[in-house]
Amino acid sequence: MAGVHGLAAAGLVVLLLAAVAPAFAVDYTVGDTSGWSSGVDYVTWAKSKTFSVGDSLVFQYSMMHTVAEVSSADYSACSASNSIQSYSDQNTKIALTKPGTRYFICGTSGHCSGGMKLAVMVSAAAATTPTPTASSSPPSTATPATPSSDPGMDTPSSTPDATTTPTTTTTKSTGSTGGASGSEARSVMGLLVGAVGLAMMG
């Protein structure tokens, strides 16, 4: 009977991980409500966001525009002739799969030089809260960090106590609506793991 409970618990954990993991990813609509079009300041738009591995860029545009992913040199030169990838489907979703800077321009003549260019710095995936471990060392005297006033910045905080090693939690603020925040998803996951543990003991 214990084997059946263990198998059921393992299946539940797999399903829950699949349901909770996407809550950490963010789909950014490039240009927000303006979309991918002329007259939008994409430099300012990108500065107000924090892009991480697992997030996606969604380009929404009319048929007079395109999206071309290009090298840094081609971005500076506004040249789409050697594009890494080019899109014209008017609703392009591009997954950010690795850290580094990605460069995008509109391939329509004159549009890039008119400001239709976007560079995004993609950071490694947002950190999750590590599990505290027992420690015989005295508690840390670290003070909590002051939260940043910039809504797109990661905000570290420390929460030491006498029985655990201090841990650092990074909370990603995106200003986006929908989906669970990282802390909400971790709370739900903690509750679910606890419930699975109880089920396995029973």
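Modeller: A residue is called buried under 20% relative accessible area, exposed over 50%, and partly exposed in between, with a 1.4 Å probe and protein chains only. This is a predicted model, in which local features need pLDDT of at least 70 and side-chain atom pairs count only at pLDDT 80 or more, while totals for chains, interfaces and linings use all residues. Residues are numbered from 1 along each chain as its sequence is written, and side-chain values use heavy atoms, with hydrogens and water left out.

A salt bridge here is a side-chain nitrogen of Lys or Arg within 4 Å of a carboxyl oxygen of Asp or Glu; the structure holds three. Helices (H or I, at least four residues) and strands (E, at least two) are DSSP runs, numbered from the N terminus.

In one of the salt bridges, Glu-69 pairs with Arg-102, and their closest N and O atoms are 2.5 Å apart. Glu-69 belongs to strand 4 (residues 67-70) and Arg-102 to strand 7 (residues 100-105), so this pair ties together parts 33 residues apart in sequence. Glu-69 is buried at 9% relative accessible area, and Arg-102 is buried at 14%.

Another salt bridge joins Lys-93 to Asp-27, with 3.1 Å between the closest N and O atoms. Because Lys-93 lies in strand 6 (residues 91-95) and Asp-27 in strand 1 (residues 27-29), parts 66 residues apart in sequence are tied together. Lys-93 is exposed, at 53%, whereas Asp-27 is partly exposed, at 42%.

Asp-32 and Lys-49 also form a salt bridge, their closest N and O atoms being 3.7 Å apart. Asp-32 is partly exposed at 39% relative accessibility, whereas Lys-49 is buried at 18%.
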